[in-house]
Amino acid sequence: MSNKKIAYFTGAALALALTAPAFTPAAAEDSIYVPLFTYRTGPFAGSGTPIADGMHDYLTMLNLRDGGVGGVKLNVDECETGYDTKKGLECYDAVKSKNPVIVNPWSTGITLSLIPKAAVDKTPILSMAYGLSASAKGDVFPWIFNPPATYWDGTSEILKYIAGGSIDKLKGKTIGYIYFDAGFGREPLPLFKQLASDFGFTMKYYPVAPADMQNQSAQWLDIRRDKPDFVVMFGWGAMNATAVKEAIKAGYPMDKFVSIWWPGEADLVSAGDAAKGFKTLNWHGVGADYPALQDIKKLVVDAGKSQAPKDEFAGVLYDRGVYNSMLIAEAIANAQKLSGKKLVTGEDVRRGLENINLDAARFKELGLEGFAAPFKLSCADHNSHSATFIQEWDGAKFVKVTDPISPDSADVQPLLDEAAKAYAEKNAGWPARTEACDSKS
Amino acid sequence: MSLLYQIFIDPFAQMIASPDLLVQTIWEGFVGGVLYALIALGFVLIFKASGVFNFAQGIMMVFAALTLVGFHEKGAPAFVALVLTIGVMYLLALGVERVILRPLVNQPEISLFMATFGLTYLLIGGGELVFGGNPKSMIASELYLPSGSIDLKMLGGTVSLQKLDIAAAVIALVMVVGLGLFFQNTRIGRALRAVADDHQAALSVGVSLNQIWVIVWFAAGVVALATGIMWGARSDVSFALQIVALKALPVLVLGGLTSIPGAIVGGLIIGVGEKLGEFYWGHIFGGGIESWLAYMIAMAFLLFRPQGLFGERIIERV
Amino acid sequence: MTESGRRTEEVLLSVENVWLSFGGVTAIADVSFDILRGEIRAIIGPNGAGKTSMLNVINGFYHPQKGRIAFQGQPRRRMKPYDAANQGIARTFQNVALFKGMTTLDNIMTGRNLRMKRGFFWQALRHGPALEEEIAHRRYCEEIIDFLEIEHIRKAPVGSLPYGLQKRVELGRALAMEPVLLLLDEPMAGMNLEEKEDMSRFIIDVNRHFGATIALIEHDMGVVMDLANRVVVLEYGRKIADGAPEEIKRDQKVIDAYLGVAH
Amino acid sequence: MFYREAGQFKTSYAADMAIFPIRQDRIGLAIILAIAFIAIPATGNLFLLDTVMIPFLIYALATVGLNLLTGYCGLLSLGVGAFMGVGAYACYKLTTIFPGVNILIWIIASGFVSCAVGVVFGLPSLRIKGFYLVVSTLAAQFFLDWCFARITWLYNDNTSGAIEVPTAKLFGLPITGPTATPTTRYFIVLIFVVTLAWIASNLVHGRIGRMWMAVRDMDIAAELMGVRLLRAKLLAFAVSSFYAGVAGALMVFLWLGAAEPEAFNINQSFLVLFMTIIGGLGSIVGAFLGAALLHILPIGLRALPGAIGLSLGSATIEQLTFAITGALIIFFLIVEPRGLAQLWRIGKQKLRVWPFPY
């Protein structure tokens with residue numbers, strides 16, 4: 001018997017040994033390496049998958065249609081994080097050796113861990129409308145970009161919307177805030193506290209522990225009791241769908257239920273018509289009626305090169321993935337212009353990002369006319385604090401119901417500066433910006 | 001002082017002030033408890049018969065539900081899918097018995113416990129591999145599960161009972177009674193109890209352990225399926241549910257690892273207890289205490305009855 | 001009958017009118033007897049007579065509802081097994097209670113637990129004082145191992161040992177505590193003749209050379225008659241006789257109650 | 001055959017009681033240490049250091065700690081993750097309150113904080129036994145998790161709700177924060193782990209270890225032999241939590257660089273428990289083997305398809321990794337239910353008597 005055991009054991013040991021060489025992957029020389037941190041597994045796969053597909057498919061489309069960016073193929077490489085910070089870091093270490101030109105962590109937790117590394121490893125981080133709000137300040141965080149809007153912008157935009165114009169109309173009202181009880185959901189808390197005291201409305205907080213994502217009846221009982229005039233939600237993954245169902249159970253009026261920009265169709269289909277009137281923020285178009293998305297359909301999806309199931313193609317989160325990849329490509333293109341090189345480095349792409357200037361014309365060139373509002377980044381402003389609009393669930397799909405609402409910068413900006421300063425102070429020896437600025441603005 | 005007021009007076013004042021909410025809370029807790037109890041029931045079945053602390057019970061629930069929805073997506077009519085899923089659960093039971101229990105029989109229980117962890121990984125990986133990782137909505141209407149709610153005007157307010165939750169409670173009841181009768185009145189059931197009491201003795205009177213194991217694991221699988229359907233219909237079917245399933249542990253321990261009524265009573269105590277706690281006391285501590293309250297309740301009970309409410313008494317002899 | 005070397009007239013342990021009951025069941029009813037320093041005292045009686053319960057009372061595992069117990073002259077109220085051990089009461093168990101996962105040596109070394117004084121810090125370093133202490137006690141344990149003739153299984157995990165040897169190791173573990181009073185619960189149960197002879201020899205030597213007072217429970221009357229200086233007989237938790245072996249042999253009550261039943 | 005103890009006569013108890021009585025074992029250990037201290041850093045492979053070795057060592061440390069509690073004292077715990085968290089947050093608070101003091105001191109100090117918390121949650125262990133104890137450790141797990149999220153003081157009211165790691169220096173050399181090289185961090189972790197593992201093996205080979213094992217194997221007998229059960233168990237909880245605490249502090253300060261409460265969630269506790277059991281209960285070597293299997297193997301599996309030129313979706317790889325890991329856990333348990341450490345022992349025994357079967 002135990003002879004066999006030894007055999008088994010040595011066998012397993014060999015298996016381990018075999019995998020050893022895999023630890024040092026080689027980098028391809030003739031292409032630009034663009035890693036994508038995605039999660040198609042775990043409790044958050046529901047939100048992660050369409051985003052991953054959108055990001056992946058747009059870049060693949062560029063490779064197939066234009067042979068990459070500026071004639072250089074993009075080496076697109078997904079790494080599965082499962083929305084888990086440790087796995088995210090593993091991915092980061094795995095891709096670092098292949099000199100990536102940009103990193104999209106797609107998790108606030110991972111972003112927070114990577115922010116300090118970015119400057120050291122000379123790799124820009126694009127945390128598109130998530131991550132650390134304060135990282136919008138380019139002079140403190142030269143390597144971090146979180147366009148087009150921060151969570152604080154989004155929060156103030158939601159408040160402006162429900163107030164019907166300006167926040168001071170909320171005086172005496174009660175706002176419920178149900179949130180995913182982690183870095184992401186806690187991000188807006190200071191702003192809420194601030195604004196509540198400034199404008200004299202009451203906040204009620206309903207944290208949802210990650211472990212209880214799908215077990216929210218207690219929170220919704222609280223909401224039934226407190227009867228807030230509006231409920232704002234920062235949810236992610238399975239939390240969104242559950243919240244919507246519980247809201248329906250609790251008989252909470254859907255038209256008073258507004259969410260940040262993360263819910264997708266998948267979160268609402270199971271609720272169907274009952275969820276009519278549920279609103280979320282968004283800043284880009286939904287659907288496939290854009291030349292670029294048609295190209296994706298033609299070259300990638302129909303060619304079976306995409307993992308996206310037909311019904312998920314060109315949904316809210318899919319298109320958000322596309323938007324994210326569009327920024328990557330744009331940054332690389334700028335980098336090539338600025339540096340005159342074809343094979344750009346992270347350093348160049350950082351400059352490229354600071355020079356992003358997407359006006360209507362440029363969107364048209366990209367085959368995304370009217371896909372999103374124009375915006376530009378600068379060395380000081382890595383976010384642009386763009387306006388976002390409200391879209392409403394009509395029982396089958398999201399429809400845009402408002403014009404873009406601009407953030408309440410007057411109140412947000414000071415907090416932002418403060419937070420950025422605090423961060424730099426807390427992290428002793430935080431480097432002052434040395435990176436040169438070459439944007440015309 | 002005000003804290004004391006918040007803790008000892010205010011909640012009860014609220015209960016009296018709006019009894020409808022109190023009833024609603026208890027109902028919510030009751031339904032949650034029923035579902036915990038069903039998961040715990042699966043644990044107990046297996047623990048009684050094979051002495052295995054089956055950690056995979058929670059995952060079996062998700063796996064069963066996923067399989068059901070998966071088959072339906074692949075085009076099988078709801079009830080065909082249901083039958084197929086039950087078949088899968090049977091195969092799973094067979095596999096577990098062949099691959100895990102048989103080789104590991106008479107090994108330290110911790111190893112068997114560990115093996116069920118392995119099973120958990122296997123089911124998560126396999127399940128996502130086959131059915132994909134993103135959450136699916138349960139085919140509730142196809143299975144003729146009621147939807148909507150009954151709103152009772154009472155106690156100066158409304159108490160709304162989800163038809164689905166009522167169905168969950170009924171199904172749970174049916175299963176418990178069914179299992180009870182099965183173990184009381186069938187040959188296999190008696191054999192199982194014999195095994196539970198003493199493996200050797202059972203063997204000597206010619207009960208086939210392996211057969212028994214397959215049966216209990218299958219039974220646990222069916223219970224898991226029922227639980228999965230119910231919970232899947234309340235939220236969505238995804239592996240995030242496995243975390244909810246952990247709540248079955250305090251239930252189980254509270255009820256006593258070997259007692260079916262224990263699992264039920266424990267489930268209700270935990271379910272109602274945590275909801276009341278969260279609803280009336282949670283906000284004092286900033287909310288979210290539900291995530292640990294259940295365990296604290298169970299621990300408090302254990303300090304007085306280390307063997308759980310209905311567990312066999314542990315007598316220390318030398 | 002053997003002439004025990006160190007028998008004195010000093011009362012080592014006295015048990016007076018002890019009552020013990022679990023719920024409704026009375027295990028020991030109004031039992032009194034004493035143990036003299038240096039003697040070998042046998043407690044006999046049919047099954048369920050409360051013998052083991054009596055040992056459990058003596059080393060503080062059970063707490064009698066009524067009655068007084070005095071050890072080395074000090075009367076004690078509810079005492080913890082720890083205190084009993086600390087005062088030098090050691091025991092072996094009816095069904096061997098060794099530490100199955102440990103080696104013979106470690107089991108016996110555990111007996112030195114109370115006498116090892118080095119604190120956590122030195123233990124963590126395992127150098128200097130801790131190591132010296134460890135060695136000193138190891139030496140003592142080796143003596144016991146020699147005495148019990150179990151050198152060959154020194155490093156063997158006890159779980160795998162044959163029953164007879166396990167009983168011996170258990171005796172060794174108790175001896176390692178350098179007990180004043182040694183309680184043996186059926187030390188020869190389930191042994192064959194040679195093993196019994198060995199064990200008897202060990203018990204006598206323990207009594208003589210280690211100078212331990214011994215209270216033993218045993219069913220084999222032959223053994224009891226040979227070993228014991230005095231015998232107390234229990235039946236249904238009551239004491240029915242107490243005295244020298246030959247008196248007990250002749251005692252009618254005992255013959256009816258015990259021998260009669262047994263054979 | 002090279003592995004023989006023939007001719008190695010022990011002339012003193014000291015020699016016989018040495019932790020590695022056989023010469024070849026001592027040589028083997030020396031070689032392993034040499035590889036750990038010289039060969040691995042020499043490769044300078046960042047991935048190897050940052051993703052493979054540092055986490056592996058940290059997990060091994062936590063596993064050693066849990067093994068003292070579960071393997072030696074027989075108390076099952078699912079709260080390790082939380083105790084690691086206590087260490088991490090304690091270290092964070094201490095460093096932010098007293099930035100002047102060297103971080104290494106605070107890492108050790110945070111071990112003691114977690115030690116204290118561990119003792120508190122160890123108290124029920126006197127009454128609650130076996131699987132029932134799991135629930136009280138789970139209570140610790142979820143309650144502490146909740147504290148990390150809810151008590152803003154713990155993370156200095158960061159808007160991000162996460163703890164970040166400031167750059168700290170030792171002799172002018174950065175040892176934490178982004179500028180610290182993986183090699184530096186690796187050496188610090190390695191020294192911590194080696195030292196604590198050495199201490200652990202000293203403990204278990206001495207009086208305290210015997211006391212714990214006695215409680216594990218037969219607590220009643222242990223009590224009757226003068227072991228104070230509560231003390232023994234609490235000591236086990238204390239030491240175990242200390243190890244977890246240090247591991248947690250190391251994890252955040254020398255590996256992750258920032259952490260949210262999620263980093264210490266229940267899955268962390270499971271992982272460490274798996275490592276303990278797979279590695280082998282009651283074995284320090286086992287702790288390292290277990291950590292190696294469950295941390296390094298998945299990394300290998302993830303990298304494997306790429307290495308052999310197989311193109312699979314990242315998700316598929318992840319799911320396969322899960323399934324295969326699960327299968328391997330079962331496989332190893334069937335091969336040797338007492339864990340890898342037992343295989344290790346059998347292997348050595350075989351070598352010793354080679355070429356004869358016994």
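Reply: This is a predicted model. Chain B has 14 helices and two strands.

Me: Why is chain B called as compact as a globular protein of that length?

Reply: Set the value against the rule. The globule rule gives 20 Å for 318 residues. The radius of gyration of chain B is 21 Å, close to that, so the label holds. Along its principal axes, the C-alpha trace spans about 65 × 60 × 35 Å.

Me: What makes a residue in chain B count as buried, and what percentage of the 318 residues do?

Reply: The cut-off is 20 or more other C-beta atoms within 10 Å of its own. In chain B, 55% of the 318 residues are buried.

Me: Which share of the contacts in chain B with a separation of 6 or more joins residues 24 or more positions apart?

Reply: That share is 72%.

Me: Now chain A. How do you know where its domains lie?

Reply: The bounds come from an automatic or database domain assignment. Domain 1 is 32-150 + 286-386 + 417-426, and domain 2 is 151-284 + 391-410. Their centres, taken over C-alpha atoms, are 26 Å apart.

Me: What makes two residues of these domains a contact, and how many residues take part?

Reply: Their C-beta atoms must lie within 7 Å. By that test, 26 residues of domain 1 of chain A touch 23 residues of domain 2 of chain A.

Me: Which elements of chain A give two or more residues to the domain 1 side?

Reply: They are α2 (45-66), α4 (108-121) and α12 (316-339) of chain A. The largest share, five residues, comes from α12(A). By class, this side of domain 1 of chain A has 15 nonpolar, nine polar and two charged residues.

Definitions and conventions:
Residues numbered from 1 in each chain as written. Chains lettered and ligands numbered in written order. Predicted model: local features only at pLDDT ≥ 70, side-chain atom pairs only at ≥ 80, totals over all residues. Helix = DSSP H or I, 4+ residues; strand = E, 2+ residues; numbered from the N terminus. Rg over C-alpha atoms; globule rule 2.2 N^0.38 Å. Buried ≥ 20, exposed ≤ 12 C-beta atoms within 10 Å, placed from the backbone. Nonpolar A, V, L, I, M, F, W, Y, C, P; charged D, E, K, R; others polar.
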